[in-house]
Amino acid sequence: MTHTGTVFLFHGSDLIDATSDARAMIKHGSSNLSDLDVLIANTVQEFPQLKEKLADPAAHEFRIASQNDPAVFVDVKHTDDRLRISLNSDEDWTRELVTLRLSCDASNAQTALMHGIAIHSTQLVWQEDCNGNLLWANTAYVDTLRDLDVPTILGSGKDHLTGQKRRIAVKLVQDKKEEWFDISTVAHADGWLHFANNATEIVRADNARSEFVKTLGKTFGELSIGLAIFGKNRQLTMFNPAFGDMTSLPFDFLSANPAIDTVLDRMRELRMMPEPKNYTSWREQFTAVEDAAKNGTYSKNWTLPEGQTYRVTGRPYPGGAFALLFEDISAEVSLTRRFRLDIETGQAVLDTLSDAIAVFSSTGTLVMSNRAYAALWLDGPEQILEHRVLQSEMKTWQNRSIPSPMWNDMRDFIQQLGARQPWTDTVLMDDGRHLECHANPIAGGMTMVRFTIAQPKRPEIRKLMLRDTAIQAAKR
């Protein structure tokens, strides 16, 4: 196409054709801008009204004179979706001079921008010749060498001239420390152009994380509690040796990152899970375990067919991960059962005794009693389940006996702290029977109270011990 002047032809914001001098005017523009925006930016000093006029939808064809030279002007014409912009002048040499000046200004502006970025960039940038001699460096590089008190970052070798990214350490002789840098090198003008970022904090963080992982792994390895962590994809991502030992799962199986249902299924095959009553619900149990663990609500005791008991707890983690913790509580369960059996045996032994026996703690709480005690003092079996204390029991004893200062002595003995000697006394019940009362200190500051009905030896005494209706009526 033949045009007079410097001509641009756009489709929208994209340049589709132009004269050679027109292309020279915009070749130094930013790649982030459209061709039209580059033209406007490069000519804003000559034609400041151009952008505003182009944005006016009613302006289909117009001319704008240069602000610096009225003999130079821009002609703009809209035709459908095409935009034609031409830089013209009454004299060709004037137009060529303006075009050259605008091209040079754009090039100089681009160069100044790039130089300013390189100089003021926080990234270290420097240039060396083929022999490693420094040709140019930005402020960040110079300041870094001065702060570290080193002559160079790369060292004396030429192994850095590979064009590859690498991380190197700069040893500081005085502090006996190291500064780390990530460096990239590219060939440039018969030499090398280097770019570097200080990676010391990254290296230290990586080292700290590595040490933490090692410590964590060592800690996990020494835990007696089995730990299995599953990621959000339901696959096993971490486990400790205790988990493998407790579940009898082989290491090669666990290290293959199996899914949770595969792990539970293999545990079932090894009889390391409790068998469900309904086998058809087995898979549903897998899902229930996983869902409850993710919600942090799973905590159950697994009684295994071989006799062990595991406490299995689920713990959620951010991002959908969760952990299962396996704790062997077989000894604890066995001990609890043994304690329960001992208590039941002791209770059974007390129930065979004819004497009424009650045991009180040091604070006056009734710890245990036997059947003879219930038959002597309680009105019904429902009172056995009540929380009873010395004060209420003492009131029952006093209501069913003849008033006697002996009860105060017994209360003082039960509440007494420190060493005590066995104590005994006798009281007359309201039905005339003689009641022998014994109080013996036992372990833990507790007191065992024993009541024995004294049988009368002569018939006349037996008659005197019969209930007197008048006395009973008077007490009511």
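How many of the 476 residues of the protein chain count as buried? The share is 37%, where buried means under 20% relative accessible area, exposed means over 50%, and partly exposed lies in between, with a 1.4 Å probe and protein chains only. The model is predicted, so local features need pLDDT of at least 70 and side-chain atom pairs count only at pLDDT 80 or more, while totals for chains, interfaces and linings use all residues. Residues are numbered from 1 along each chain as its sequence is written, and side-chain values use heavy atoms, with hydrogens and water left out.

The protein chain contains 16 helices and 20 strands. These elements are DSSP runs numbered from the N terminus: helices are H or I with at least four residues, and strands are E with at least two. Among contacts in the protein chain with a separation of 6 or more, 38% come from residues 24 or more positions apart; contact means heavy atoms within 4.5 Å.

One part to examine is an open sheet of five strands, in the order β12-β11-β15-β14-β13, with antiparallel pairing. Two strands pair if DSSP finds at least two bridges between them. The edge strands, β12 (236-239) and β13 (299-303), each pair on one side only. On average, neighbouring strands of this sheet are turned by 20° against each other, direction ignored. Helix α9 (residues 260-269) packs on the sheet and touches β11, β13 and β15 (322-328). The direction of α9 makes about 20° with that of β15; for such angles, axes are lines fitted to C-alpha atoms, for helices over the stretch in contact, and angles run from 0 to 180 degrees between N-to-C directions. Strand β11 (residues 226-230) pairs with β12 in the antiparallel sense over three bridges, and Ile 229 has Met 238 in β12 as its bridge partner.

In the loop between α12 and α13 lies Arg 388. Arg 388 counts as buried because its relative accessibility is 7%.
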